[in-house]
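Please keep the sequence and the model in view while reading.

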Amino acid sequence: QAYTQFMPKAEAHSIEITCGKNSATQKNKIMFEKLRNNNRLHCGDASNIDFLSTTWEKHMKRPDAPPLRVVIDDGSHYASHMA
């Protein structure tokens with residue numbers, strides 16, 4: 001997670017399409033453990049605007065949250081998802 005070294009005061013969140021067995025969150029438990037413990041791991045489809053809106057309103061748009069300045073999206077790697 002090079003960006004956390006580059007931006008040490010950033011509040012990182014992760015959106016994963018699935019958090020179940022055989023998912024990235026299980027394969028990289030140590031990396032996701034801190035996010036999960038800080039309620040910054042969000043499991044759902046980032047292409048679903050309702051999911052994104054709910055995640056933003058519930059977890060990121062808080063009075064004590066830092067302003068949103070950078071979004072890093074590695075998203076899907078399927079050509080049909082890239083417009």
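How do the residues of the lining of the largest pocket divide into nonpolar, polar and charged? In this model, which is predicted rather than experimental, the lining divides into 23 nonpolar, eleven polar and seven charged residues. The space inside the largest pocket comes to about 1,700 Å³. Its lining is made up of 41 residues, of which His13, Ser14, Ile15, Ile72 and Asp73 are the closest to the centre of the pocket. Three elements each contribute two or more residues to this lining, namely β1 (14-16), α3 (29-37) and α4 (49-60).

The chain holds four helices and two strands, and along the sequence they follow the pattern α-β-α-α-β-α. The C-alpha trace spans about 35 × 30 × 25 Å along its principal axes, and of the 83 residues of the chain, 19% count as buried.

Ile72, already met among the residues closest to the centre of the largest pocket, also takes part in a nonpolar surface patch of about 280 Å², which it makes together with Tyr3 and Val70. Tyr3 belongs to helix α1 (residues 2-6), and this tyrosine counts as partly exposed because its relative accessibility is 31%, where partly exposed covers the range between under 20% for buried and over 50% for exposed.

Ten residues separate isoleucine 17 from methionine 7 in sequence, while in space the two lie 25 Å apart, C-alpha to C-alpha.

A last stop concerns the backbone. Most residues other than glycine have a negative phi. Asparagine 39, by contrast, has a phi near 60°, a positive value in a residue other than glycine. Asparagine 39 is located in the loop between α3 and β2 (41-43), and with a relative accessibility of 44% this asparagine counts as partly exposed, because that value falls between the limits of under 20% for buried and over 50% for exposed.

How values were computed:
Residues are numbered from 1 along each chain as its sequence is written. This is a predicted model: local features need pLDDT of at least 70, side-chain atom pairs count only at pLDDT 80 or more; totals for chains, interfaces and linings use all residues. Side-chain values use heavy atoms; hydrogens and water are left out. On a 1 Å grid over the protein atoms alone, a cavity is a set of points where a 1.4 Å probe fits but cannot get out, and a pocket is an open set with protein on both sides within 12 Å along at least five of seven lines; lining residues have an atom within 4 Å of a point. Grid points are joined across faces, edges and corners, and a volume is the space filled by probe spheres set on the points. Ala, Val, Leu, Ile, Met, Phe, Trp, Tyr, Cys and Pro count as nonpolar, Asp, Glu, Lys and Arg as charged, and the others, Gly among them, as polar. Patches are made of residues with over 30% relative accessible area and no salt bridge: like charges are joined within 9 Å, nonpolar side chains (Val, Leu, Ile, Met, Phe, Trp, Tyr) within 5 Å. Accessible areas come from the Shrake-Rupley method with a 1.4 Å probe; for residues, only the protein chains shown count as cover. A salt bridge is a side-chain nitrogen of Lys or Arg within 4 Å of a carboxyl oxygen of Asp or Glu. Buried means under 20% relative accessible area, exposed over 50%, partly exposed in between (1.4 Å probe, protein chains only).
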